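Hi,

Here is the structure I promised to pass on. Have a look at it first, and then read my notes below.

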Amino acid sequence: MLNFDTVIFDLDGTITESAPGITKSAAYAIEKAGYAVPDESTLTEFVGPPLYDSFRNICGMTDEEAVRAVKTYRERHHLIGWREARVYNGIFELLYTLKREGAYIALASSKPVDLCEKTLEYFAIRPFFDKISAPCEGEKDPGKRFLITQALPESYDRACMAGDRRFDMAGAKQAGIYAVGALYGYGTREELLDAGADEICESTAALRQALLGDTPLAKGRFITFEGSDGCGKSTQHKLMKEYLESCGVDTVNTREPGGCPISERIREVLLDVKSLGMTDECEALLFAAARAQHVHDTIAPALEAGKTVLCDRYVDSSIAYQGAGRGLGDWVRQINERAVGTCVPELTLIFDISPEEAIKRRLGVSEADRMELSKDDFRKRVYEAFMDMCKNENSRYCRVDASGSIEQIHEIARQKVVKLITDTNGGEI
Ligand code: TYD
């Protein structure tokens with residue numbers, strides 16, 4: 001059972017590690033005001049207290065200069081500073097599991113409400129929140145007690161506030177709820193205890209333990225990246241990991257053939273030019289053999305530990321390359337059923353690039369040699385097999401148009417991935 005049915009979170013220092021955007025924006029405002037920019041550790045003192053006070057106390061600005069510096073700070077922070085943050089690793093799984101178990105989740109932050117919305121949306125965690133309690137732009141900070149009280153639902157059984165500063169702890173106690181101090185944020189142990197913290201968590205893992213009780217973390221999500229050679233999926237695979245990690249998702253990137261020591265050795269045999277005489281059957285069995293070990297050593301344990309696994313090629317590559325390309329047909333699916341067991345992806349992104357375009361990209365020429373291409377019916381069969389998979393709209397397959405820029409392709413893939421990983425009604429995962 002969860003330890004709390006209602007959890008109120010603070011944003012900065014509890015969910016998001018927002019210091020980089022704050023210190024960079026402070027440095028920008030200080031420089032614009034004509035003052036010497038202090039070192040990084042001094043700049044960190046800007047995180048938390050009101051900006052106006054910091055510009056005066058840390059830099060020695062006059063009233064007027066401090067007011068102007070706050071304005072300059074806000075201009076930069078609103079434009080880019082708010083994105084120079086990340087969600088603490090492991091927070092995503094905590095929110096997901098809380099939501100899945102039916103908890104009420106709200107945010108109580110002193111940041112303007114629009115910025116809170118934008119931040120939660122950008123880091124893909126907005127769907128987990130039932131309510132956002134924060135001041136409107138330009139409104140005076142109403143204080144944590146008010147914000148926490150406003151964040152609470154009409155009725156609850158056991159509610160707690162998780163925050164990293166004394167205001168969060170004091171506000172929680174004034175609102176009559178349990179106070180959990182997130183020591184991995186920007187406050188100190190003394191500060192949190194003095195303000196009435198009932199419990200201190202040194203890490204996000206400890207926070208998960210404090211909130212989830214004996215409820216295990218939900219199993220991780222399994223997503224595969226597929227497509228013909230030259231479709232750009234490996235670049236997208238890397239970008240997706242970076243994005244998910246900024247969202248606090250514990251992510252494992254792996255690839256096939258390979259992904260664990262034994263399978264990496266099989267990869268060498270498969271891709272080595274010395275293996276030129278390899279039969280199609282030997283090739284298909286080796287891919288499946290490498291996969292069985294990969295599932296056992298890497299994929300299944302990671303999913304079990306609640307991590308999200310992004311795999312660059314998986315069973316569908318065998319179906320396309322060995323099944324369709326080499327013409328080995330359904331037998332390939334059968335041997336792979338044994339190799340993967342129940343470890344089937346929940347989402348398979350198929351990056352679609354036409355064989356003509358793929359050849360252009362590989363050769364780096366502007367015109368594909370169509371004659372050469374038409375002879376290359378192996379590639380065509382592989383491509384068509386992937387496209388056939390995309391035809392079934394209600395399946396795990398999802399076609400991604402890979403003809404645009406790296407950023408455009410990432411955005412299409414990102415939306416599909418976010419939809420999957422934030423869906424808490426998807427049954428057992
Ligand atoms: P790799 O260098 O990893 O290429 P890519 O970046 O395109 O993934 O080589 C893997 C090659 O192995 C690639 O041409 C596809 C092929 N392959 C299969 O034929 N069957 C499979 O089951 C897998 C996983 C890969």
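Let's start with the ligand: α14 gives the largest share of the shell around it, 4 residues. Helices here are DSSP runs of H or I with at least four residues, strands are runs of E with at least two, and both are numbered from the N terminus. Before you go on, note that this is a predicted model, where local features need pLDDT of at least 70 and side-chain atom pairs count only at pLDDT 80 or more, while totals for chains, interfaces and linings use all residues. Residues are numbered from 1 along each chain as its sequence is written, and side-chain values use heavy atoms, with hydrogens and water left out.

**Around the ligand**

Altogether 13 residues surround the ligand (a residue is near if one of its heavy atoms lies within 4 Å). The closest are Asp229, Arg291, Arg313, Ser318 and Gln322. At least two shell residues come from each of α11 (233–246), α13 (280–304) and α14 (315–325). By type, the shell has 6 charged, 4 polar and 3 nonpolar residues (Asp, Glu, Lys and Arg count as charged; Ala, Val, Leu, Ile, Met, Phe, Trp, Tyr, Cys and Pro as nonpolar; the others, Gly among them, as polar).

Now for some polar contacts, meaning pairs of N or O atoms within 3.5 Å. The side chain of arginine 313 has an N or O atom 2.6 Å from a ligand oxygen, and for arginine 267 the distance to a ligand oxygen is 3.1 Å. A ligand nitrogen is 2.8 Å from an N or O atom in the side chain of glutamine 322. The protein covers 79% of the 540 Å² of accessible area that the ligand has on its own (Shrake-Rupley method, 1.4 Å probe).

**Aromatic pairs**

How many aromatic pairs does the structure hold? There are 12, counting rings of Phe, Tyr and Trp (its six-membered ring) with centres within 6.5 Å; planes under 30 degrees apart are stacked, over 60 edge-to-face, and the rest tilted. Phenylalanine 9 lies in strand β1 (residues 6–9) and phenylalanine 129 in the loop between α6 (113–122) and β5 (131–133), so the pair ties together parts 120 residues apart in sequence.

Most residues other than glycine have a negative phi, and most peptide bonds are trans. Alanine 124, in the loop between α6 and β5, has a positive phi near 65°. Glutamate 256 and proline 257 are joined by a cis peptide bond, with omega about -10°.

Cheers

Key. A polar contact is a pair of N or O atoms within 3.5 Å; within protein, one must be able to donate a hydrogen and the other to accept it, and residues adjacent in sequence count only if both atoms are side-chain atoms.
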